[in-house]
Amino acid sequence: MIKQSIIENVLEAALSTGGDFSEVFIEDKYVNTMELQSGKIEKSISGRDFGIGIRIFSGLQCIYTYTTDFSEAGLINAAKRAALAIKGGANGTIHPLQKEIIQPIHTITQMPRTVEHARKVAVMRKANDIAKNYDERIKQVALRYIDEEQNVLIANSEGKFVEDTRVYSRLSIQATASDGIEMQTGFYGPGAHAGFEFIENLDLNHYAGESARIAVTMLEADECPSGKFPVIIDNEFGGVIFHEACGHGLEATSVAKNNSVFANRIGEKVAPDIVTYIDDGTLPNEWGSLNVDDEGEKTRKNILIEDGILKGYLIDKFNARRMDAEATGSSRRQSYRFNPTSRMTNTYIAPGKSTPEEIIASTEHGIYAKYMGGGSVNPATGEYNFSVAEAYLVKNGKIDRAVRGATLIGNGAKTLQLVDMVGDNLAHGAGMCGSISGSLPVNVGQPMIRVSEITVGGTKGE
């Protein structure tokens with residue numbers, strides 16, 4: 001992407017005022033998005049973005065800059081300007097760059113850039129027709145298709161030199177149902193670290209049909225009662241609640257500054273024995289997976305909580321200095337415009353021994369959250385608030401009528417301790433996660449679980 005000799009000169013210029021570590025992140029990205037509404041393509045955008053990020057460490061000081069000027073003079077000037085923020089100290093050592101050969105863990109058979117738009121549009125139209133024809137009350141279907149090819153080169157003063165190609169494909173489907181008075185929506189957004197083969201092989205009858213079914217089901221649903229209930233959270237995207245309520249609190253971004261309820265608690269019991277919580281960036285072709293992170297380190301399977309015991313955190317190179325710890329291959333950024341930091345990849349609760357049928361049958365009364373919606377959390381306190389996209393009452397060990405307007409409110413650390421059943425049906429769901437280093441593809445996952453008590457906000461009252 002850029003000559004190795006130029007990269008070496010840039011790394012050296014970045015250390016000219018006394019820094020002890022420098023890094024170059026080069027990115028060449030192709031993105032294609034299309035939006036379809038009411039059976040018509042409303043938007044189609046394709047673009048390319050190229051830029052270089054330069055990072056310098058001096059002890060616990062971090063300087064970051066980026067540029068789109070990839071001439072040698074422009075890059076060296078950018079590095080020297082950034083280095084002016086660091087004063088004093090001996091210049092760091094530049095080790096010879098040694099190119100690493102990365103063995104890709106993701107099979108990609110159809111690079112999206114080689115696939116004509118007509119084939120992509122055909123998939124979108126088919127999904128639109130399936131959702132639209134599900135029920136006469138489906139009034140609108142909106143689809144968003146995205147594919148992305150990101151080529152990166154990462155080099156640093158320690159001799160790191162690695163290149164990687166990341167390919168992402170996703171199809172999001174939203175159906176809106178109306179009876180003339182009320183309106184409800186349903187959503188499904190499968191994605192993968194894969195090429196167009198993933199899109200072409202999607203079970204559109206399932207994904208488009210589910211988006212429409214959710215909308216129609218919620219249109220017919222009663223108002224959700226409020227109060228404190230046992231809550232059964234289904235698998236797949238149900239994992240978003242612990243991604244937000246616990247996962248962010250296990251990132252060094254917050255842990256290193258003691259802005260997390262999990263800081264300084266390694267070895268403590270933070271959950272029941274049945275809970276093991278994992279972040280694994282090595283799962284083949286999963287939406288949140290990477291061959292290497294954005295510091296060039298190989299991703300790995302990080303066991304964060306094992307049998308209820310807090311075992312570790314997600315740590316990037318800079319926060320590893322703050323924590324006197326080892327980086328865990330967890331540094332990520334949206335693009336060269338962002339300074340990287342510790343982020344999740346594919347985060348999930350490991351499968352347990354209970355079947356979904358056993359979990360439901362053993363619940364006398366409560367709420368069943370089949371599909372979760374969005375939410376928010378404060379990592380420093382663990383307080384969260386999540387909407388439930390599709391919910392049901394549970395009575396006498398059976399799923400009862402559908403209810404809408406449900407929200408789950410609580411504290412992540414406390415909710416984690418109240419998990420009393422873990423199912424055997426692990427599944428993952430694709431989503432986007434926003435934090436200080438931008439918006440990133442992540443998977444959230446879990447088997448069906450039961451929490452003995454969560455505060456449920458509803459519109460019906462108790």
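**Figure 1. Overall fold of the predicted model.** Residues 24 or more positions apart account for 75% of the contacts (heavy atoms within 4.5 Å) in the protein with a separation of 6 or more. The model is predicted, so local features need pLDDT of at least 70 and side-chain atom pairs count only at pLDDT 80 or more, while totals for chains, interfaces and linings use all residues. Residues are numbered from 1 along each chain as its sequence is written, and side-chain values use heavy atoms, with hydrogens and water left out. Of the 462 residues, 58% count as buried, that is, under 20% relative accessible area with a 1.4 Å probe, protein chains only. The C-alpha atoms fill a box of roughly 70 × 55 × 35 Å along the principal axes.

Figure 2. Arg55 lies in strand 2, a strand being a DSSP run of E with at least two residues. Arg55 counts as buried because its relative accessibility is 1%. The side chains of Arg55 and Glu295 are joined by a polar contact of 2.8 Å; such a contact is a pair of N or O atoms within 3.5 Å, one able to donate a hydrogen and the other to accept it, and residues adjacent in sequence count only if both atoms are side-chain atoms. Beyond four places away in sequence, Arg55 also touches residues including Phe21, Tyr64, Phe318 and Asn339.

Conventions: Helix = DSSP H or I, 4+ residues; strand = E, 2+ residues; numbered from the N terminus. Buried < 20%, exposed > 50% of the residue type's maximum accessible area, 1.4 Å probe, protein only.
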